[in-house]
Amino acid sequence: MAKALYIHWPFCLAKCPYCDFNSHVRERTDMDVWERALLSDLRAEAGQNRSQEKLASIFFGGGTPSLMPPTLVEKFLQGAEEIWGFEDGIEITLEGNPSSVEAANFAALASAGVNRVSLGVQSLRDETLRFLGRLHGAAEAIHALGTAQNHFGRVSIDLIYARPDQTEADWRQELDEALALGTDHLSLYQLTIEPTTRFATDVRRGVFTPLDNDPAADLFAMTRERTAAAGLPAYEISNHARPGQESRHNLTYWRYEDYLGIGPGAHGRRDGIATLRHKKPENYLAAVDRQGSGISESRTLTKHEQASEALLMGLRLAEGIDMTSLSSRFDVTSTTMLDDAKLRLYRDLGLVWKKADRIGVTEAGMPLLDALLGELVSEDLVTG
């Protein structure tokens, strides 16, 4: 049963040119309307998931959840606790931008119950932040980070690298500066040009050229080396943490455990059913008014679909996947899930490891993860 809850706040002050998340800019947001809608959606989801297990993690994502009034965050947490209860030491994460405006809310958000924040710093260089369309500067971000560290027990920062013309020396210096900031978790993402973004249009128009694959791969390898040396090894392809400081909520996704999703565009998965909420905020509100929840789609997943998704998610993790456990869970044999000949080939090439019934992708294989997944996952599983 689900022990994790995700809440999506869809609003931002501006749309970043690289972002393809479900985020929207609105001149005005009626907080009373959104409070009623989100709490109604929460109660509707509770009617579908009366789990006896308490929540172990809650994640406010977006959008920019740090723009939410702390009173709304508090009411949502109170509602969730009344329905499911909280495990001791529950992880409650809120994503935010490192601006002075949002940092002013950190004390109130901590009082509301948030105990972990993930700050979208994205770069420690002002020129790069302007290129990425960010509204904050580097000094403002560092100040906001310090404020966050004063109020929250756990703080993570996001950075984007493999940017146009970025050299290994440039990224090494910036990464070392980030590691010196004293956080226990870093999410480090290579710049990806998503098809529906403004950056995709810019690339087509020749405004800039993305970094080539080979230098990007060199930056990836160097990133993993330096974070590991600093005591924050990669536990997922883009996420690095001191042991014990991993994002417990995100591990729910990667380990293919159940989670509930509330808010515009939120995905959820419970008892073999995938749920999706309406993405556009206005459509979401209309659905809640009409049916009490924001659900636009609810679909039962086949065992093969679940096994395939579990493989695709789990192989992102350094810990890999226990194939015996997966086989038992979905009643699908290991030979049905994996192409044994390809597994042997890539293990011999040093791209995949196998220890007893557990398999995973090696350091050498991680840069090739997407291609490896396409090779390893059995055709019978995909088409079944």
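What covers the buried residues of helix 13? The cover includes helix 12 (303-314), strand 13 (321-322), helix 14 (334-337) and strand 15 (358-361). Buried here means under 20% relative accessible area, with exposed over 50% and partly exposed in between (1.4 Å probe, protein chains only). Helices (H or I, at least four residues) and strands (E, at least two) are DSSP runs, numbered from the N terminus.

A word on the model: it is predicted, so local features need pLDDT of at least 70 and side-chain atom pairs count only at pLDDT 80 or more, while totals for chains, interfaces and linings use all residues. Residues are numbered from 1 along each chain as its sequence is written, and side-chain values use heavy atoms, leaving out hydrogens and water.

**Helix 13**

Helix 13 spans residues 323-330, and its buried residues include Met323, Leu326, Ser327 and Phe330. These four lie on the same side of helix 13 because they cover an arc of only 100° around the axis, the arc being that of the directions from the helix axis to the C-beta atoms. At the start of helix 13, Asp322 brings a side-chain oxygen to within 3.0 Å of the backbone nitrogen of Thr324. Just after the helix, Asp331 has a positive phi of about 55°.

**Glu236**

Glu236 belongs to strand 7 (residues 234-236) and counts as buried, at 1% relative accessibility. Beyond its neighbours within four places in sequence, Glu236 is in contact (heavy atoms within 4.5 Å) with Arg224, Trp254, Arg316 and Leu317. Its side chain also takes part in the pairs tabulated below. A polar contact is a pair of N or O atoms within 3.5 Å; within protein, one must be able to donate a hydrogen and the other to accept it, and residues adjacent in sequence count only if both atoms are side-chain atoms.

| Glu236 group | Partner | Distance |
|---|---|---|
| Glu236 side chain | Arg316 side chain | 2.6 Å |

Three strands form an open sheet in the order 10-11-12, with antiparallel pairing; two strands pair if DSSP finds at least two bridges between them. Strand 10 (267-270) and strand 12 (295-300) stand at the edges with a single partner strand each, so one side of each has no neighbour in the sheet. Strand 11 (residues 273-277) pairs with strand 12 over 5 bridges, and Ile273 stands opposite Thr300 in strand 12.
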